Amino acid sequence: MIASLRTGLEATFKGVEVTDREDGMMFVLAPGESIPAVLRYLREHGLDHLALVSCVDWIEEGELEVVYLLTCYMRNNTDYGPEQRRHVLLRTKLPRESAELDSVIGIFENAEPHEREIHELYGVHFEGHPRLIPLFLERGYEIPPFRKDFDTRQYVEKTFGAIPPVED
Amino acid sequence: MAQISEIAGSGSGRELELYFGPQHLGMVGNFSITLKVEGDRVLKATANPGYLHRGFEKLMEYRTWIQNFPMVCRINVVEPDSMEMVYAMAVEKLAGIEVPERAQYIRSICLELARVSSHLFGLWAYSNMLGFDTPAQWAMYHRDLVLDLFEELTGGRVYHIYLWPGGVRRDFPKGFRDRIVHTLHSIGGWVPDYDATFFNNRLFYERARGVGQLSQEQAKALGATGPVLRATGMKFDIRKVEPYAAYDKVDWEVPTRQEGDAYSRIWVVRDELIESVHMVFKLLDAMPDGEVYNRIPNPFKWRIPPGEAYVRCESSRGELGLYLVSNGGDKPYRVHFRTPSYPHGLTILEKALEGASIADVGNTMISLYVVAPEIDR
Amino acid sequence: MDRNQITKWLKSPAKMAHKYSLHAVYFCTGCGIIEIPPVITTRWDAERFGVLPVATPRQGNLFMITGYVSLKTLKAIIRTYEQMPDPKYTVGFGSCPINGGMYWDSYNTIKHLDRYIPVDGWIAGCMPRPEAVFVGVTHLWTLIDKGKADGYLRYKRYYAAYRRNQEMLFGELQWPPLYPTEAEAEEARP
Amino acid sequence: MVTRIIQLLLSPLIALAVGVLFLGLSRKIIARIHRRYGPPLYQPVIDVIRMMSQRSISHGSLFELGVVLALAGSLVTVLFIPLGGTVICRQNPLAHGVLCPLSSSGGLLVVMYLMLFGPLGLALGAGDSANPNASIGVSRKLLLALAYEVPFLLVILAVMSHYRTISITEIVARQQESGWGVLSVPLSAVAAFLILPAMLGIRPFDLVSAPQEIASGPLAEYGGSYLALLAVQKGVHLFVVIALYVDLFLGGGVNLATFLVKMLVVFVAAEMIAAVLPRIRIESAVRFCWKWPTALALLQMAITVLSKSV
């Protein structure tokens, strides 16, 4: 089934690049607008566990890369096959200045906090997300703190270093 | 008894906003839930994390590969060893380091001991929440016995920094094997007492039955793993699905339950605890002699070839994954931990608390095995 | 109770009662909280010395800040601290509240806790062992005896400076000042 | 007259001392069951002194009034309860040797009403603190009072119709002549023991002040000297409930010492059961109280009424 996944993906979607690695990892690169469709396709073809939504800031290329990591749950209780060891890594590249993506909550419900987190820490806007409010942070930052051009050491010196001791 | 809860509900007769945590005796960890309450019923629950956010993944980008070892274990204070394990595995995968056979066994033993201590902590938290003070105190004492083992092995009670890329930091000290066996036997001897006071107690059944119930379909859709998923009847365990360390070398069972409520989750935890103890005995018997670590290059000049890896292991709370990207430098380019409490504490908790009684808020949260620092990172 | 304690009890009952009835506000601010359950349970049993966790800040007089303090937590800490009735004692637990510890370059944790609320004593280490907690408590007894555990008085005296530091971090605070600030005190003066 | 005044002063003092001692004892017993050393017996005294010396924050006059009402209610109840002693002269209530300053007036019915002052005062004060946890705690407390009042009333009715009097002194005297209440109204005694933890507010019925659920409920906003007074009130309430149990079913006491020994036995038994049980939900508490204790009390009442009318 997994072998057919590659051909199926390439046949169904335009502009999708699939690469395989021998350790069981499959990399799928898709354009931003087809992400929900590809995710739905993958889900229908057995990859029903969205383990992680992550984001990488490739500052030199000027791109933010959003990564969806998919694996399978078991079909039955004796199902310990190589298929379970399969990881599919779906990624898409977005321009750093105007990073926007469609929300996938309709397909994987547990993507909701992940998308909120990426919105907060990387500044990617997710269209159709019901509550893009801060998840972790208390104060606002000019640059979302996980981007590579946010220098946390400089920031710490500027913010916390400026606060004087109370009594000496 | 619906009428009585309605009477209890009409006591105040209006909607209240109630903050459960962060400063709350029923809250394990620095976490907060905002509850919209009518009388004794929760109408809507909103998880409010971030009290423990330190930006770990950002900080790790500023530290070299080896400097990150003291960092990773601090993400989850309850079970730091699986954090070390997953980082060591990812680094080994990217750098292509082999691990000696004996080190694999020691790693497994270490992780299982950590699981025992973590489950005992969970048992403390859960029974303390319900007001079962006596078994709670015992569980905390027995956890301390396991921590004593760790202290002897690694020098630290809580943070061990023991699992190392290329193996483990040092071999077992002399006579350590007997002390493990002795400690685990003395904990095992208390299992009948735990059963009598807690697990077979009728009141535990009444408090936990039907609380935070999830069907297997719901659990899968919401990304549940670990005891939460196994309590719905699926034998999904990374140790079996994608064996690492020495878990494929010994024979063991994955305990499950069918109902998917707090009661079955805590029973799964109990069964796992016993299974882990048995597994340690089997691993100790099968352990070969030999080296315990392969030398790594000079840590100050250590560069790891570019690439990305997703590795996962089974912590006591579920699937713990690490997405690691290297750009060929001396520091990681991007680290992202997939922690099991993340879906449990944010998505599932909000779902499970809708319509629950206030008496069951902490009950549900702890039975979902949520650890706050794992969520916030 | 030995004999010279009885004279102390007769001389200053309030001070002695504060020493032997330290009710700690149960607030898990960081990973240091992992060593609190062993301290209060069977093996170390802090209740022998009257140390007991309580549910609300109104009932306590000891505030243990266990571990790193993120910005969001600091807000909760300040509010909790201000709700506690005087006299109250604060103990920083672990390296992180002292100077940031491991997280010295984290953008979301504060580095020096004593710049936002007064601290009476520190227990250093990552993690401090349960024994260290007991040593810390006995040191706190000495401080109370000598009248040096005066964090709550310092908070009142330097409230303007503390409030200024808090506002430097958070901007406008949502709650009113605990003590009248200098400007208000000026206004109130006839 | 002088004896009366001395008694009026003495019995609340005994209640205060013994009640607070019982609080300390309960902590020690539970610690020993946990395999801990436990705090010293006088730990509650230290706590009360400490709270008294802390700054108290008030939330309004009702907030203060509630505490006073609760404590006063409990202290007044003590005056109506005989604390040991033998009746000397049945005809002249004033000339008896029983330590009960107000034995001639009221009796069981007054005690029953006065015992409601505790919950009501707490409800009044906690309602004024505007803390949601407190109001949930109060609604639980009133519901729990409703739950245990039903079997309690039935128990008292059975006792009253068995002895054909409402005077507690009289009941005690009759027991000392013809055997304890445990033997003559056994089912009522069992029922009363079952609801004893609910009346005392200890496990498994400590859902009112459940610290892990609603942050100590009605007490959430109390601190300083108010909390000290409420701690004392808890001790006195403990004393009242157990003293009443001893008077109704264990034949009071020949003198104060035997009376206190009997109280100690009842209290330790209740605490040991409490130590191994968890906290239950309010629904289960109400269901429990209206099921077994009520059934037993009803049965005993039917037996008593039938045997008396034959």
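**Entry 1: a helix pair in chain D**

I looked up how helix α1 (residues 2-33) of chain D packs against α11(D), and found an angle of about 100° with the axes 7 Å apart. Helices here are DSSP runs (H or I, at least four residues), as strands are (E, at least two), numbered from the N terminus. The axes are lines fitted to C-alpha atoms, for helices over the stretch in contact, and angles run from 0 to 180 degrees between N-to-C directions. α1(D) and α11(D) are therefore roughly perpendicular to each other; that label covers 65 to 115 degrees.

I noted the residues that make the contact, among them D:F22 of α1(D) and D:F239 of α11(D). Contact requires C-beta atoms, placed from the backbone, within 7 Å. The residues of this contact divide into 10 nonpolar, two polar and one charged. Ala, Val, Leu, Ile, Met, Phe, Trp, Tyr, Cys and Pro count as nonpolar, Asp, Glu, Lys and Arg as charged, and the others, Gly among them, as polar.

**Entry 2: the source and its confidence**

I recorded that this is a predicted model, in which local features need pLDDT of at least 70 and side-chain atom pairs count only at pLDDT 80 or more, while totals for chains, interfaces and linings use all residues. Residues are numbered from 1 along each chain as its sequence is written, and chains are lettered from A and ligands numbered from 1 in the order in which they are written.

The model scores ipTM 0.86 and pTM 0.88. Chain D averages a pLDDT of 82, with 92% of the residues at 70 or above; pLDDT is the predictor's confidence in each residue, from 0 to 100.

**Entry 3: the core**

I found 324 residues in the largest nonpolar core, a set of buried Ala, Val, Leu, Ile, Met, Phe, Trp, Tyr and Cys residues joined through C-beta atoms within 7 Å. Helix α11 (residues 224-249) of chain D gives the largest share, 18 residues. B:A90, one of the residues with the most contacts inside the core, touches B:A309, B:V311, B:L322 and B:L324, leaving aside neighbours within four places in sequence.

**Entry 4: B:V42**

Is B:V42 buried or exposed? I counted it as buried because it has 21 C-beta neighbours inside 10 Å; buried needs 20 or more, exposed 12 or fewer, and partly exposed lies in between. B:V42 lies in strand β3 (residues 41-48) of chain B.

Note on methods:
Two residues are in contact if their C-beta atoms, placed from the backbone, lie within 7 Å. Angles under 35 degrees count as roughly parallel, over 145 as roughly antiparallel, 65 to 115 as roughly perpendicular and the rest as oblique.
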